[in-house]
Amino acid sequence: MKYIKQTLLGRTVLSVAIAIIGMFVMTYANAEEPVSAGSEAETIDVAVDEVKRLTRPDSELEVGVGHVSEDSYKFGNFTGLQESGAYLIGNLQVIKREQGGTHYLEVIGRNLGLDNAQELQIKGGEQGNYGFSFEYDELPRLYSDRYQSPYAGMGSTRLIKPAGWDGTIDTTPSGAIDAPVAATVITTPMMTALAANMKQFNIDTKRQTMGLSVSKQLSEGLEVYTSFKRDEKNGTRLTGAPLQIGGGGSRGTLLVPEPIDYTTDIIDTAVRYTDEKWQAQVGYYASLGLVSCISVSVTIF
Amino acid sequence: MKNNWGDLRKIAWLLFILVAGAVPAMEGVAATAEADDSTMAKDMVLRGDAKCTRCHDESEEYPVLSIGKTKHGVLADSRTPTCTSCHGNSETHINKPAGAKERPRPDRTFDKKSLTPAAVKNQACLTCHQGGARMNWVGSQHANEEVACTTCHQVHTQHDKVRNKTTQPEVCYTCHKEQRAQASRASHHPINEGKVVCSNCHNPHGSIGPKLLHKATVNENCYTCHAEKRGPFLWEHSPASDNCTNCHTPHGSSNASLLKSRTPFLCSSCHIAGGHSTTGIRSGNDLGPLVTPEATSTTAASQMVGKDCLNCHTKIHGSNHPSGARFVR
């Protein structure tokens, strides 16, 4: 089994980030640079530009490249950086506010380009009137890339034994309850073929969440709000497949990849009233969960 | 891993490139339009701020002009505050009284040296920001501990750390040091990774539930993301339905699956009698020869290998199988 250093210091993640923070500062500076010094009007222009630079929202764009030295599921858990090699990453923050008005738009992107860990938010609306937002998020949950099993069909709801594995099952309920099944049932040829039949399978899940929300001020203090969120979780987790041979016979269990296919929809809507003296809120909240895979069948022998 | 929504990665990159290209163009238009405005207003950002900005600018410890980059700086919004609506009229600060050695501070200040009571500070914010998520602020743990809005929030900046998922935990950890340590343990929610952060579960502005959670109960809060654990189940594992924190600790644990202690001991802390010699697990006599000093066999008790009790009791949160009374299917 490959040993992987767990310390972050031991891991050489080299990253070079090219930050273009202040891009717009340069835009302003270049566009409004005075031709000659000493003119009072130009000095005022420079001052006005300086004030604008300091009082108008900035947008940022960040692009970088990085490198991961070795494959590691542990390192990639939640981060999406499980594979060795170079990767490209981008972060984005665009904030626009209407000059002389109240409209706004914000776009925020994080980890763009990273495998299964990207995030995007878009918010907009008119301040004091209405607002909307969209969110998308990915979350990788990596359990193990060292799991092995002789069964075919891993990741599905049906695991099938390798060809030629036709053992006989001793159903005599006379053995000790805790005696391992393998000691009495698995034949020597099957055990010989075990190593040749072992297959590696990654145990992981991925979440994808998408949300939409809208709010509207109906009058001073009165607001309606509604949101919808869908959360999907797909992949596999290790689960025990317990078995027992005959009534009171030998027991055993094997850990198999259980397919995960969850979908959760959340609807949240409310009417709020806020006054100096009192506040009220009436809402409706619904959480609708759907578990698509409810069983795994394993052909043991 | 299965991807039901197609390869959104490509879409994200496309959007990324488009916006990256479009933003400088948008800014260019804005710069051109604004170039015609050559009149320098006396007020720099907010209405009536000239009396403040004649002295205070962006070189302060708490730069004042950047409030213009925030929603608080949108003049077209009639609700937009002025300097004095938050800081008070501060007459003695503006016009230093004759004979005073030092200029008195403004009526309401929000920095670390401020002597303004938290309730007075907060009133400046609550004048507008009450209701909604802040409905339960009064009487909440943070309010009772005299935490001010500005203890966590920064107003005069475009980037309020606590409202950014990647930086928010650092703000909360300032006080909640135990949670900082827990979040660094082997099994943890992706808090430090900036994916599931404090405010995903907690509402620091007050709650009707425990621990300032968003929902009324711990379980209701957890089911927001872990709905498959909710049931309803034909066979209910009552401690799981009662409170997730009976077995799990939410911020981080040295045990797998955020468990409070290692299985099988966690299980045997309740199951002290009955099958599988749980009394033997508690006493250490039935853990299998491998785990005792005089081990001579190579076979550990099945409750001590793999996922321990969960090797067989896989549906530990509850089961809907007709034969699932013991959560094995």
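This is a predicted model: local features need pLDDT of at least 70, side-chain atom pairs count only at pLDDT 80 or more; totals for chains, interfaces and linings use all residues.
Residues are numbered from 1 along each chain as its sequence is written, and chains are lettered from A, with ligands numbered from 1, in the order in which they are written. Local features need a pLDDT of at least 70 and side-chain atom pairs count only at pLDDT 80 or more, whereas totals for chains, interfaces and linings use all residues; side-chain values use heavy atoms, with hydrogens and water left out.

The predictor assigns the complex an ipTM of 0.83 and a pTM of 0.83. Confidence within chain A is lowest in strand S1 (residues 14-19), with a mean of 34, and highest in strand S5, with a mean of 97; here helices (H or I, at least four residues) and strands (E, at least two) are DSSP runs, numbered from the N terminus. The pLDDT is below 50 over residues 1-37 of chain A, a stretch that has 61 contacts in the model beyond near neighbours in sequence, a contact being defined by heavy atoms within 4.5 Å. For chain B, the mean pLDDT is 84, and 78% of the residues reach 70 or more.

Between the two chains, 99 residues of chain A are in contact with 68 residues of chain B. The area buried between them is about 6800 Å², of which carbon and sulfur atoms give 57%; buried area is the accessible area (1.4 Å probe) that two parts lose on being put together, summed over both. Of the area that chain A buries against chain B, 9% is supplied by A:Leu54, A:Phe78 and A:Gln127, more than by any other three residues.

The count between chain A and chain B is 5 salt bridges, where a salt bridge is a side-chain nitrogen of Lys or Arg within 4 Å of a carboxyl oxygen of Asp or Glu. B:Lys165 forms a salt bridge with A:Glu119, and the closest N and O atoms of the pair are 3.6 Å apart. Strand S9 (residues 222-244) of chain A provides the largest share of the side of chain A that touches chain B, namely 12 residues.

Within chain A, strand S5 (residues 119-126) runs antiparallel to strand S6 (residues 130-149) and is joined to it by 8 bridges, two strands being paired if DSSP finds at least two bridges between them. The bridge partner of A:Glu119 in S6(A) is A:Asp137. S5(A) and S6(A) form a hairpin with 3 residues between them, and A:Gly128 in the turn has a positive phi of about 85 degrees. S6(A) is also joined by 17 bridges to strand S8 (residues 199-219) of chain A, and these two strands run antiparallel.

A further salt bridge links A:Glu50 with A:Arg53, whose closest N and O atoms are 3.0 Å apart. Because A:Glu50 and A:Arg53 are 3 residues apart in helix H2 (residues 40-55) of chain A, about one helical turn separates them.

Most residues other than glycine have a negative phi, and most peptide bonds are trans. A:Asn116, a residue other than glycine, has a positive phi near 65 degrees. In chain B, a cis peptide bond with omega of about 10 degrees joins B:Gly231 and B:Pro232, and the peptide bond from B:Thr263 to B:Pro264 is cis, with omega near 5 degrees.

Definitions and conventions: pLDDT is the predictor's confidence in each residue, from 0 to 100.
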